[in-house]
Amino acid sequence: MTQIRSTVSIDSRLEVDDEDALAFDVLDGFARAFKELPPKYFYDAEGSRLFEEICKQPEYYPTRTERGILERHAEEIVALTSASELVELGSGVPTKTRLLLDAMAAAGTLDRYVPFDVSEGVVRASAEQLMEEYDGLRVHGIIGDYERHLDAVPPSEGSRIVVFLGGTIGNFLPGSRRRFLRSIARELGPDDRLLLGTDLVKDPAVLHAAYNDAAGVTAAFNLNVLAVLNRELAADFDLSAFEHVAFFDTEREWIEMRLRSRCEQRVSIERLETVVAFGAGEELRTELSAKFTHKRISADAAASGMRVERFFTDPDESFALSLCAPADGSAPATLESLKARTATAGSRRQRCLGGQLG
Ligand code: AVJ
């Protein structure tokens with residue numbers, strides 16, 4: 001079997017001003033009556049490691065449930081899209097990505113993978129791993145913040161599937177969620193699709209357990225954001241003076257994570273030349289994780305210029321993958337007719353494959 005060379009290029013949009021982005025967000029968030037930090041700062045090397053650890057906890061079902069849905073439906077998703085490119089927002093460690101890349105390789109359409117993540121280490125590691133595993137795969141990594149740098153995604157060279165997995169869309173407040181979905185929708189050509197992973201509304205006890213695991217990994221993950229501020233902004237947070245809080249807001253249908261100050265305290269943030277006061281029991285909101293219903297996903301898609309073409313879920317309906325098409329795209333075809341189409345596309349794109357999976 002002939003080996004076809006894979007190529008990697010990496011485009012970094014993170015610059016010096018990103019330290020300013022953190023400083024600005026901290027100043028802004030701590031000045032509020034109800035203090036708040038954006039969840040994206042969780043993911044330094046330690047935070048990313050702790051998140052991987054969370055995903056292995058018995059109480060944290062989203063990761064394994066989403067993987068199960070992909071295992072069952074990756075082939076169909078790929079057949080529906082005939083995609084040659086996979087663009088992954090917040091790509092992280094590429095375990096779930098492989099299920100889609102494998103299906104694309106098997107369909108003979110795989111050409112390019114575009115991982116997009118804030119973590120340089122994550123983008124470089126997954127780019128290197130995947131180009132070794134998939135002959136001929138072109139990897140174009142983007143290191144950046146997908147809320148600000150979506151324009152860094154290269155122009156599509158075939159049909160593409162943009163994936164935003166894990167339920168991370170739940171981190172947005174409803175208004176900015178639709179704004180963000182609209183910015184993705186604008187990047188989609190008529191044959192392109194967005195595959196969106198969302199956690200679903202369920203028994204509050206199950207949700208509560210998922211964000212309050214017995215081993216305390218979520219608590220460590222939550223507290224780690226203070227270590228990030230200590231390092232990046234020369235702050236002097238005492239992590240043991242705060243405790244992890246996570247609860248399901250049944251009215252808004254989202255999980256809220258907070259850090260509660262165990263005592264009255266003042267924290268110095270040297271690089272911001274400021275001191276922040278916390279009252280005893282005062283809470284700092286660190287994350288929202290919205291939970292969805294099929295109806296809410298359809299409404300968000302519609303408000304963002306898309307429609308839900310297929311809705312995939314697990315037997316317990318605890319997590320969902322929605323395949324979204326641009327609203328004015330062509331009508332959805334049947335799986336059988338699409339399989340026929342993919343087969344043709346596959347032979348045309350044979351050059352892209354080393355064939356270890358086909
Ligand atoms: C990565 C945002 C999907 O909301 O479940 C896990 C992050 N926070 N445990 C989530 C998280 C606490 C996770 N997302």
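## Basis and overall make-up

Residues are numbered from 1 along each chain as its sequence is written. The model is predicted: local features need pLDDT of at least 70, side-chain atom pairs count only at pLDDT 80 or more, and totals for chains, interfaces and linings use all residues.

The chain has 10 helices and 13 strands. Helices (H or I, at least four residues) and strands (E, at least two) are DSSP runs, numbered from the N terminus. Of the 358 residues in the chain, 42% are buried. A residue is buried if 20 or more other C-beta atoms lie within 10 Å of its own, exposed if 12 or fewer, and partly exposed in between, with C-beta atoms placed from the backbone. Among contacts with a separation of 6 or more, 76% join residues 24 or more positions apart; two residues are in contact if their C-beta atoms, placed from the backbone, lie within 7 Å.

## The open sheet

An open sheet of 8 strands has the order β1-β4-β3-β2-β5-β6-β13-β12, with mixed pairing. Two strands pair if DSSP finds at least two bridges between them. The edges are β1 (7-12) and β12 (306-313); each has a single partner strand, so one side of each lacks a neighbour in the sheet. From one strand to the next, the twist averages 20°.

## Strand β3 and its neighbours

Strand β3 (residues 112-117) pairs with strand β4 (residues 138-143) in the parallel sense over 4 bridges. D117 has I143 of β4 as its bridge partner, and Y113 has V139 of β4. The chain passes from β3 through helix α5 (residues 120-133) to β4 in a right-handed β-α-β crossover. Right-handed here means that, with the strands pointing away from the viewer, the path from the first strand over the helix to the second runs clockwise.

β2 and β3 also pair in the parallel sense, over 5 bridges, and the bridge partner of L89 in β3 is F116. The β-α-β crossover from β2 through α4 to β3 is right-handed. Because 6 of the 6 residues of β3 are buried, this strand is largely enclosed by the rest of the structure. R112, V114 and F116 are buried on one side, and Y113, P115 and D117 on the other.

## Helix α8

Helix α8 (residues 217-233) has 17 residues and reaches 24 Å from its first C-alpha to its last, close to the 24 Å expected at 1.5 Å a residue. The expected span is 1.5 Å times one less than the number of residues. Buried residues in α8 are T218, A219, F221, N222, N224, V225, L226 and L229. An α-helix has 3.6 residues a turn, so residues three or four places apart point the same way. After α8 comes A234, with a positive phi near 50°.

## Other positive phi values

Most residues other than glycine have a negative phi. S82 is not a glycine, yet its phi is positive, near 45°. S82 lies in the loop between α3 (62-81) and β2, and S82 counts as buried because it has 23 C-beta neighbours inside 10 Å.

E253, also not a glycine, has a positive phi of about 55°. The loop between β7 (242-249) and β8 (254-261) holds E253. With 17 C-beta neighbours inside 10 Å, E253 counts as partly exposed.

Key
Axes fitted to C-alpha atoms, helices over the stretch in contact; angles between N-to-C directions.
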